[in-house]
Amino acid sequence: MKITKRQLKKIIKEEYSRLKRQGLITETKMYAGSLIMSQVNQLKQAYFILDPERNYDRQSIIEQQKVVERLKSEMNPRDFKIASRMADIYVEYVGTDFGGHGRMTPYEEALFDEAEALGSKIGVSAQVLFR
């Protein structure tokens, strides 16, 4: 039996509505956005502590390595890769005097622009990241 695209769309829409009414589907756009931001912030903190220039104690380093592994298993690989690079950028940015003189240096601007471009792929603002 053949069905048209219009019929298929109607069937999908009806099934989606039925599953939504039954509570089997929930739309979590807001939750997903805050979840990914939370995950990026956790990675940011972990990478900061794991940065060899920071000299944190061994226990803190082990705990943060576990955080990174947990997030790696929770997140999809694409989002983890992007969030991980954003955390790296943050640590790199903190390594500069990060705008302490009122304006960003060209290097700091380049870091910010890269973070902004990456963040747009996962719904995270670089401005929020750099707070």
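Helices (H or I, at least four residues) and strands (E, at least two) are DSSP runs, numbered from the N terminus. This is a predicted model, in which local features need pLDDT of at least 70 and side-chain atom pairs count only at pLDDT 80 or more, while totals for chains, interfaces and linings use all residues. Residues are numbered from 1 along each chain as its sequence is written, and side-chain values use heavy atoms, with hydrogens and water left out.

**Whole chain**

Start with the protein in cartoon view. Six helices and zero strands are present, and the pattern along the sequence reads α-α-α-α-α-α. Accessible areas come from the Shrake-Rupley method with a 1.4 Å probe; for residues, only the protein chains shown count as cover. Of the 131 residues, 31% are buried, where buried means under 20% relative accessible area, exposed over 50%, and partly exposed in between (1.4 Å probe, protein chains only). Contact means heavy atoms within 4.5 Å. Among contacts with a separation of 6 or more, 57% join residues 24 or more positions apart.

**Stop 1**

Select Met1, Ile3, Leu8, Ile11 and Ile12. These residues make a nonpolar surface patch of about 560 Å². Patches are made of residues with over 30% relative accessible area and no salt bridge; like charges are joined within 9 Å, and nonpolar side chains (Val, Leu, Ile, Met, Phe, Trp, Tyr) within 5 Å. A salt bridge is a side-chain nitrogen of Lys or Arg within 4 Å of a carboxyl oxygen of Asp or Glu. Leu8 lies in helix α1 (residues 5-21) and is partly exposed, because its relative accessible area is 41%.

**Stop 2: Lys44**

Move to helix α2, where Lys44 is found. Lys44 is buried yet has no salt bridge, and the nearest side chain of opposite charge, Glu116, is 13 Å away. For charge, Lys and Arg count as positive and Asp and Glu as negative; His and the chain ends are not counted. To see what surrounds Lys44, leave aside its neighbours within four places in sequence and show its contacts: Ala87, Tyr90, Val91, Val128, Leu129 and Arg131.

**Stop 3: an aromatic pair and a loop**

Rings of Phe, Tyr and Trp (its six-membered ring) pair if their centres lie within 6.5 Å; planes under 30 degrees apart count as stacked, over 60 as edge-to-face and the rest as tilted. The count by this rule is one aromatic pair. Select Phe48 and Tyr56: their ring centres are 6.5 Å apart and their planes stand at 70°, so the pair is edge-to-face. Phe48 is partly exposed at 23% relative accessibility, and Tyr56 is partly exposed at 35%.

Next pick Asn55, in the loop between α2 (29-50) and α3 (58-74). Asn55 is not a glycine, although its phi is positive, about 55°. With a relative accessible area of 69%, Asn55 is exposed.

**Stop 4**

Glu74 sits in helix α3 and is partly exposed, at 47% relative accessible area. Draw a C-alpha to C-alpha distance from Glu74 to Gln39: 9.3 Å in space, for 35 residues of separation in sequence.

Finish on Asp79 in helix α4 (residues 77-95). Is Asp79 buried or exposed? Asp79 counts as buried, because its relative accessibility is 15%. Its contacts, leaving aside neighbours within four places in sequence, are Ile36 and Ile122.
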